[in-house]
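Grab a pencil and work through these exercises with the model open beside you. Try each task before you read its solution.

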Amino acid sequence: MSQTIIIEQQLQNLMKRFQSSKLLLAVSGGVDSIVLLHLLKKSKIDFEVAHCNFNLRGEESEKDYLFVKKTCLQYDIVFNGKKFDTSLYAKEKGVSIQMAARELRYNWFYEIIQNKKLQYLVVAHHKNDQSETILLNILRGKGSFSWEGMSFFKNNIIRPLLDYSKQELINYAKENKIEWREDSSNEKSDYQRNFIRNIIIPELEKQFPSAENNLLQFAEITRYNNSILREFIQQKKSQLCSNENGILKIDSDLLIKENEPSVLLFHLINSYGFNFQNCVQMLDTKHASGKKFYSENHIALIDRRSILIKKSEIINTASFQIDTISKPAIFNQLEFNFREIPNQHIELKTQLKSTALI
């Protein structure tokens with residue numbers, strides 16, 4: 001039996017539960033999403049296509065847009081296309097280009113799903129994306145729940161290709177004479193994911209030929225361990241935490257009596273974007289009432305006997321004005337404290353990453 005028939009049968013079985021649903025497939029024009037489009041069409045799944053032109057690669061972006069549109073016309077699939085000024089959005093929001101592109105596409109995908117009364121979003125993440133995600137989450141200091149990687153179905157997102165490598169998808173495309181577009185930006189290693197993909201994993205594979213498979217196996221074991229950990233964390237949450245008006249309140253007096261309180265705190269608030277070092281510092285300053293810590297979207301406030309976690313206000317400006325140096329200024333979830341010192345006392349170098357001399 002050919003690899004083509006095996007993949008088609010496996011995907012058809014995998015997608016049986018969604019046979020009566022209407023789906024939205026995100027298509028970039030790359031081999032993974034184009035192969036998935038082909039497979040869904042052969043499985044007689046009812047779906048529409050969404051393609052984003054982020055206007056980051058000039059003529060190449062426009063050619064991708066036209067290619068996906070033409071492919072949809074060829075397969076008689078409804079095409080939804082949108083062009084974004086990603087650079088402007090990133091500047092206005094004060095976020096990276098990658099984060100801007102992610103926010104723009106997912107906001108738009110869910111807008112289509114809602115407006116057209118579709119059920120689920122389908123994306124073409126594959127086995128190599130999975131191993132990159134696991135390694136990235138470890139290196140970024142995220143908790144063990146993130147080490148599980150991506151799921152086949154979670155939060156109304158379906159990922160049918162997680163069991164297939166990029167090479168298997170390329171082989172399928174070649175065997176079935178399917179055209180696709182190459183994204184030249186994938187060859188650059190200036191983004192973290194591309195750095196992992198192009199440099200770190202190939203180097204690991206040289207020394208450890210099963211490195212990628214071992215990462216996936218690690219994710220499977222972690223998934224089992226986390227099922228036990230989740231029950232424990234839930235018990236501790238009911239003992240140590242309360243929720244009032246959307247504010248999580250953690251009893252720090254009780255927390256400090258636990259074994260490894262910093263680790264436990266990390267598991268309690270990691271989902272709010274705080275890292276392990278934040279948790280260590282929070283407990284070191286637990287008597288410093290009024291002290292604040294910031295994640296991307298939340299603030300942790302040290303109270304006399306509690307740690308309070310609340311959502312921070314989103315700041316949509318890329319600049320701010322300093323009205324007085326006597327009070328701290330908050331900008332992009334960071335707290336800036338100022339002091340003025342005589343210029344003869346300034347040494348124009350510092351080892352502290354948190355200090356700027358101006």
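Predicted model: local features only at pLDDT ≥ 70, side-chain atom pairs only at ≥ 80, totals over all residues.

Residues are numbered from 1 along each chain as its sequence is written, and side-chain values use heavy atoms, with hydrogens and water left out.

**Exercise 1. Work out the strand order of the sheet and find its edge strands.**

Step 1: helices (H or I, at least four residues) and strands (E, at least two) are DSSP runs, numbered from the N terminus. Two strands pair if DSSP finds at least two bridges between them.

Step 2: follow the pairs across, and you get an open sheet of six strands, β3-β2-β1-β4-β6-β5, with mixed pairing. At the edges sit β3 (79-83) and β5 (153-154), each pairing on one side only.

Step 3: zoom in on β5, which pairs with β6 (residues 157-158) in the antiparallel sense over two bridges. There, Phe-153 stands opposite Ile-158 in β6.

**Exercise 2. Is Glu-132 buried or exposed, and what does it touch?**

Step 1: find Glu-132 in helix α6 (residues 127-139).

Step 2: check the cut-offs: buried means under 20% relative accessible area, exposed over 50%, partly exposed in between (1.4 Å probe, protein chains only). Glu-132 has a relative accessible area of 2%, so it counts as buried.

Step 3: look for contacts (heavy atoms within 4.5 Å). Skipping neighbours within four places in sequence, Glu-132 touches Arg-193, Ile-196, Arg-197 and Ile-201.

**Exercise 3. Describe the largest nonpolar core.**

Step 1: such a core is a set of buried Ala, Val, Leu, Ile, Met, Phe, Trp, Tyr and Cys residues joined through side-chain atoms within 4.5 Å.

Step 2: the largest one has 31 residues, and Leu-25, Leu-40, Phe-47 and Val-49 have the most contacts inside it. Helix α2 (31-42) gives the most to this core, with seven residues.

Step 3: pick out Phe-47; beyond its neighbours within four places in sequence, its contacts include Leu-23, Leu-37 and Ile-77.

**Exercise 4. Which helix lies across β1, β2, β3, β4 and β6, and at what angle to β2 does it run?**

Step 1: the helix is α5 (residues 97-115).

Step 2: axes are lines fitted to C-alpha atoms, for helices over the stretch in contact, and angles run from 0 to 180 degrees between N-to-C directions. On that scale, α5 runs at about 150° to β2.
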